[in-house]
Amino acid sequence: MKKYLTTAFLLIGFGMTLINAQSNINTVLKPSRTEVIEPIRKASFTTSNGVECKERKQGGNPRMVSGYLAFDGSMDGNRQVDPQIAVGGGYVLHGTNSGLIIYDKKGNFVEGVSQNCFNKGIDPKLFFDAHNKVFGFDLWNPWDAEKKKPVNISISETSDPTGAWNTYAVPAREGVDGGGIGYSKKWIGYSFPGGKDRTFVIDMEDAIAGKPVTVFHFPGSLGHPIAMQDAIEDLYFFQITRTDFIIRRVVTSKDGTPVCETVSKTAHGLKYFGWPPQSPQKGTDQKTSSGDRNPKNLVFQNGDIWFSQAINYQGRSAVQWHQVKTDGTIVQTGLISSKNSSYIQTTLAVNKNNDVLIGFQETSDVMFISPRLTYRKASDPKGTVRKIVSLGEGKGFTDGVSWGDYSGSVIDGDNFMDLWTIQSITDINGKGDTVIVKVPFN
């Protein structure tokens with residue numbers, strides 16, 4: 001999707017314009033309104049309303065790259081492919097602006113369909129909920145004929161993504177872009193920019209069962225919803241301002257409805273926090289978007305919140321990553337930077353032992369946009385990562401600034417140990433191909 005919003009405007013959507021009532025740490029916020037949504041039930045991944053969807057076969061080609069299992073994801077994208085993955089049930093589910101694809105964990109193609117098979121939409125964000133053993137993702141459709149701009153939340157009924165799915169089209173009429181999705185054992189949460197009510201939650205159990213779900217809308221934005229890898233029902237949200245980390249959570253009240261509590265508001269004191277500048281690329285004066293100071297995915301693991309972000313470090317885009325307690329204090333922060341290259345479009349994954357993978361891309365005036373990762377073991381010195389690993393080398397330059405949400409990093413939901421990443425790489429025409437890589441932690 002062509003990003004017609006500036007990064008600064010997205011900050012307004014997710015962070016800066018929260019309702020005044022949220023400024024009080026002791027505030028308990030109730031939903032502003034509710035609505036009941038009937039499911040669009042799919043008998044299988046490849047059927048929609050009883051009609052077989054046209055197959056979309058992409059990627060595969062498993063191989064070893066820098067000592068790691070790698071295989072191709074989407075290979076037909078433009079600069080806006082927006083790739084994401086989720087891993088569990090023996091499968092890798094891959095989503096882009098063009099469709100959804102299933103691979104086995106050895107990198108072999110299983111099934112694939114257009115996103116039109118899931119009520120249409122773009123800007124997918126994916127997860128595997130290991131607590132309930134289901135997949136989930138969102139698709140935002142701003143072009144629907146009914147002008148509801150629905151956020152289509154799709155949940156599989158089992159850990160087998162080739163089987164039945166339930167899709168819920170939640171109206172977001174004042175939405176101006178796709179948002180972020182998170183989950184806990186109890187709740188699915190979504191926040192997006194635009195309008196008065198920018199966050200909603202639905203009950204995970206009802207969605208898995210394909211029942212009508214009550215959508216609980218909250219005023220303002222609660223922040224970015226977090227992937228709750230700890231086995232708890234509360235769903236946390238995270239917001240960054242220029243000065244503070246603000247942490248909220250949705251809890252279940254006595255009557256079973258969700259309410260929001262502000263857990264902490266703490267000055268982060270980060271030295272490097274400016275928006276990342278656009279980055280150069282080989283063979284052209286056209287610079288490319290470096291990403292967002294706001295994290296694209298956040299993880300809750302072993303009681304802490306983990307994320308990475310792109311920031312301005314000495315005039316270049318660099319990657320900064322964090323482990324943060326729920327009271328907002330920083331356990332550790334790390335900086336990944338280069339004097340000669342820009343590091344852009346980052347995401348982070350963490351396993352049950354607190355080992356961390358950080359995915360991103362590298363670009364400079366002497367190289368094209370190329371996929372990278374680094375990792376750390378929990379026993380490594382705080383704030384440090386190991387040597388950067390090349391996952392391939394770009395072959396062409398992009399013809400525009402926009403470079404989408406071109407990164408995804410996740411845990412393997414089957415063992416809570418191995419970590420995976422998907423990164424974009426420019427092909428000879430400057431378009432965004434993708435590579436999916438497994439990093440085992442035994």
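This is a predicted model: local features need pLDDT of at least 70, side-chain atom pairs count only at pLDDT 80 or more; totals for chains, interfaces and linings use all residues.
## A strand pairing, its sheet and a disulfide

In β35, residue S424 has T434 as its bridge partner.

Strands β34 and β35 pair in the antiparallel sense, and 8 bridges connect them. Both are members of an open sheet of 5 strands, arranged in the order β6-β7-β35-β34-β33 with antiparallel pairing. The edges of this sheet are formed by β6 and β33; each has a single partner strand, so one side of each is left without a neighbour in the sheet. On average, neighbouring strands of the sheet are turned by 25° against each other, direction ignored. In general, strands of a sheet pair through backbone hydrogen bonds.

| Strand | Residues |
|---|---|
| β6 | 60-65 |
| β33 | 407-411 |
| β34 | 419-426 |
| β35 | 432-439 |

The model contains 1 disulfide. The bond joins C53 to C117, with an S to S distance of 1.9 Å. The link of C53 and C117 is right-handed, with 65° about the S-S bond. C53 lies in the loop between β5 and β6, while C117 lies in the loop between β11 and β12, so the pair ties together parts that are 64 residues apart in sequence.

Another cysteine, C260, is buried because its relative accessible area is 0%, and buried means under 20%.

How values were computed:
Residues are numbered from 1 along each chain as its sequence is written. Side-chain values use heavy atoms; hydrogens and water are left out. Two strands pair if DSSP finds at least two bridges between them. Helices (H or I, at least four residues) and strands (E, at least two) are DSSP runs, numbered from the N terminus. Axes are lines fitted to C-alpha atoms, for helices over the stretch in contact, and angles run from 0 to 180 degrees between N-to-C directions. A disulfide is a pair of cysteine sulfur atoms within 2.5 Å. Buried means under 20% relative accessible area, exposed over 50%, partly exposed in between (1.4 Å probe, protein chains only).
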